[in-house]
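Here are my notes on the model you sent over.

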Amino acid sequence: MTYEFTVLMGLVDFIPVLLFAVSMVLMQRDLYNKMPKYSFACFAAGTINILISGFLKALWKTLYAAGLCDFQVLNTMFLPTQSLGFLLAGLGIILMLTNRKKAALSLAAPPVFSGSIVFISMMVLGLGAICSCLGILAARMKKKGLIPIFVLCFFTYMAMGYLGSRDSNTAAANWLEQGVNTLGQVLLLWGVLGLHRAGLRDYRL
């Protein structure tokens, strides 16, 4: 299978990865003192999975476009790694708000699945949990203006997932997917920065 990638396209794909990394560093710092250890472990492991999957896919695109190699495993592992990451991150932030340990223990060693529908379901559930919980925090902190940001972030991620599922290899389709991805990361960072500036780190649940 051939792909219409360019080196510039591969390098641009690192931008949303960087934006996501900044968002997650802020969130981990602000939420650390609010999360039980098992909750933070789920959240941190999940966000690291997401970050690694995005970085490796951008690396694969860049290497492929440069004609160095077609290391397909970096692309193949993207969906399962990112999906599990969203599921764990979503579980971690839910546990923070509910302070329930049973759910964490039940998913401590998730089984291995095959089939994209399972991974997509995991991603939707995890992302929905993250955006919903951040929206709840925004409401509790009387920053309701941030709620639409997290709602838009969720739907932007869903649009990105839809575009990715079409398996189109054209340059136009890839640029569109990267643009939507970057927009989603900008929205997430916007919302997370808003909570950070509102004093999330010192806020008591």
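1. Please keep in mind throughout that this is a predicted model. Let me begin with helix H9, which covers residues 171–197. With 27 residues at 1.5 Å a residue, H9 should span 39 Å, and the 38 Å between its end C-alpha atoms agrees with that. Just after H9 comes Gly199, with a positive phi of about 95°.

2. Helix H2 (residues 14–31) passes the length check too: its 18 residues should span 26 Å at 1.5 Å a residue, and its end C-alpha atoms lie 25 Å apart, which agrees. Several of its residues are buried, among them Phe20, Met24, Met27 and Leu31. The buried set also includes Ser23 and Asp30. Residues three or four places apart on an α-helix point the same way, because there are 3.6 residues a turn.

3. The largest nonpolar core has 39 residues. Met27, Leu31, Ile93, Leu134, Tyr157, Leu188 and Leu195 are the ones with the most contacts inside this core. Two or more core residues come from each of H2, H3, H5, H7, helix H8 (147–165) and H9. H7 provides the largest share, eight residues.

4. How many cavities of 30 Å³ or more does the structure hold? There is one, and the volume of the largest cavity is about 60 Å³. Its lining includes Phe20, Met24, Thr47, Phe86, Tyr157 and Leu188. Of these, Phe20 and Met24 are also among the buried residues of H2, while Tyr157 and Leu188 are also among the core residues with the most contacts.

5. Which helices build that lining? At least two residues each come from H2, helix H3 (37–65), helix H5 (78–98) and helix H7 (116–140). H7 gives the most, with three residues. By class, the lining has 10 nonpolar residues, one polar and no charged ones.

6. Finally, the cysteines. The structure holds zero disulfides. Cys42 counts as buried because its relative accessibility is 11%, under the 20% cut-off.

7. Cys153 is in no disulfide either: the nearest cysteine sulfur, that of Cys131, is 4.3 Å away, and a disulfide needs the sulfur atoms within 2.5 Å. Cys153 is buried, with a relative accessible area of 1%. Cys131 itself is one of the residues that line the largest cavity.

How values were computed
Residues are numbered from 1 along each chain as its sequence is written. This is a predicted model: local features need pLDDT of at least 70, side-chain atom pairs count only at pLDDT 80 or more; totals for chains, interfaces and linings use all residues. Side-chain values use heavy atoms; hydrogens and water are left out. Helices (H or I, at least four residues) and strands (E, at least two) are DSSP runs, numbered from the N terminus. The expected span of a helix is 1.5 Å times one less than its number of residues. Buried means under 20% relative accessible area, exposed over 50%, partly exposed in between (1.4 Å probe, protein chains only). On a 1 Å grid over the protein atoms alone, a cavity is a set of points where a 1.4 Å probe fits but cannot get out, and a pocket is an open set with protein on both sides within 12 Å along at least five of seven lines; lining residues have an atom within 4 Å of a point. Grid points are joined across faces, edges and corners, and a volume is the space filled by probe spheres set on the points. Ala, Val, Leu, Ile, Met, Phe, Trp, Tyr, Cys and Pro count as nonpolar, Asp, Glu, Lys and Arg as charged, and the others, Gly among them, as polar. A nonpolar core is a set of buried Ala, Val, Leu, Ile, Met, Phe, Trp, Tyr and Cys residues joined through side-chain atoms within 4.5 Å.
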